[in-house]
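Dear colleague,

Please find it below, followed by an account of what was found in it.

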Amino acid sequence: MQKVITIDGPSGSGKGTVAKILSQKLGWNLLDSGALYRLVAFGALKHGIALDDEPALSEFALKLDVKFVLQEGSELLIPVFEGEDVAKQIRTEECGAAASKVAALNPVRDALLDRQRAFATDAGLIADGRDMGTVVFPDAPVKIYLNASAEERAERRYNQLKLSGESVSIAAILNEIRTRDERDMNREVAPLKPADDAIEIDSTSLTIDQVVARISEALSNVGLI
Ligand SMILES: Nc1ncnc2c1ncn2[C@@H]1O[C@H](COP(=O)(O)OP(=O)(O)O)[C@@H](O)[C@H]1O
Ligand SMILES: Nc1ccn([C@H]2C[C@H](O)[C@@H](COP(=O)(O)OP(=O)(O)O)O2)c(=O)n1
């Protein structure tokens, strides 16, 4: 059986957080596919490539110069893009919105496909994104679709951005989340939706530990742990 768990869902549902915990707990690889789309957007803004220039963006995505390196003293993977640690810069709401735009372009998605699949090794993989279970790893034995109300997700994101020193209003974040949901769910290629065989978890009133416990139970049910 392929040792792959996919976790898809909208912004702020908790995918990244639980994916990180599970990867540390199980010792499996972690794929933060959203970071790849954020890096394409970040690089496009840096190099003056228009966010709708399909040929230039897909060529850029194919050659994306990024390494994920383990931060000293912690178990965090840091994206080193064109030689620079950009972990913080790609996390802004501006970069998330730009990522959602470039992610709607099929040639960009195609260009990132092999790079994402290469994360699946014998070591096992937790893959976090929007189309992990539907497109990138359709044979994964455990697929999770993690959701939460837009209001709860906005509040989580607000607290997260406040901690990292970004000054934003909760109303602006809710608006941004709704716009991004709409774009990610209604695009023609690889729209955000649960895979037919996904287990849906609504985390609105669950703690992080409760979500991790539910996913662990699903892994144990199929004999993966
Ligand atoms: N079940 C939960 N309850 C409360 N806060 C949560 C929960 N899951 C995640 N969070 C918090 O919400 C924020 C967004 O989570 P994150 O994992 O980045 O979401 P995503 O990767 O789906 O965008 C983080 O600050 C995280 O600590
Ligand atoms: N597998 C993926 C991952 C992300 N994307 C796009 C759509 C998202 O709005 C952006 C940013 O994704 P990311 O997971 O980093 O965003 P959040 O942390 O959930 O806010 O990238 C995608 O289309 N497919």
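How many residues surround ligand 1, and which are the closest? In this predicted model, 16 residues surround ligand 1, and G14, K15, G16, T17 and R156 are the closest of them. Helix 1 (15-26), helix 7 (150-163) and helix 9 (208-221) are the elements that each give two or more residues to this shell. Sorted by class, the shell around ligand 1 holds 10 polar residues, three nonpolar and three charged.

The second ligand has a shell of its own. Ligand 2 has 15 residues around it, and S11, G34, S100, A103 and G129 come nearest. Two or more residues are given to this shell by each of helix 2 (33-47), helix 4 (93-102) and helix 8 (170-186). The largest share, four residues, comes from helix 2. By class, the shell around ligand 2 comprises seven polar, five charged and three nonpolar residues.

Helix 2 and helix 4, which both contribute to the shell around ligand 2, also pack against each other, with an angle of about 100° and axes 8 Å apart. Angles of 65 to 115 degrees count as roughly perpendicular, and helix 2 and helix 4 are therefore roughly perpendicular to each other. In this contact, helix 2 brings G34, Y37, R38, V40, A41, F42, A44 and L45, while helix 4 brings C95, G96, A98, A99 and V102. The residues of the contact are 10 nonpolar, two polar and one charged.

Five strands form an open sheet with parallel pairing, in the order 2-6-1-7-8. Its edges are strand 2 (29-32) and strand 8 (199-202), each of which pairs on one side only. From one strand to the next, the twist averages 20°. Strand 2 is joined to strand 6 (residues 125-129) by four bridges in the parallel sense, and N29 has L125 in strand 6 as its bridge partner. Helix 1 packs on the sheet, where it touches strand 1 (4-8), strand 2, strand 6 and strand 7 (142-147). The direction of helix 1 makes about 175° with that of strand 6.

Finally, a word on the database record. An unreviewed UniProt entry carries the annotation "domain: Cytidylate kinase" for residues 5-219.

With kind regards

Notes
Residues are numbered from 1 along each chain as its sequence is written. Chains are lettered from A and ligands numbered from 1 in the order in which they are written. This is a predicted model: local features need pLDDT of at least 70, side-chain atom pairs count only at pLDDT 80 or more; totals for chains, interfaces and linings use all residues. A residue is near a molecule or strand if its C-beta atom, placed from the backbone, lies within 6 Å of it. Ala, Val, Leu, Ile, Met, Phe, Trp, Tyr, Cys and Pro count as nonpolar, Asp, Glu, Lys and Arg as charged, and the others, Gly among them, as polar. Two strands pair if DSSP finds at least two bridges between them. Axes are lines fitted to C-alpha atoms, for helices over the stretch in contact, and angles run from 0 to 180 degrees between N-to-C directions. Two residues are in contact if their C-beta atoms, placed from the backbone, lie within 7 Å. UniProt positions are given in the numbering used here, feature names are shortened, and annotations may be inferred rather than shown by experiment. Angles under 35 degrees count as roughly parallel, over 145 as roughly antiparallel, 65 to 115 as roughly perpendicular and the rest as oblique.
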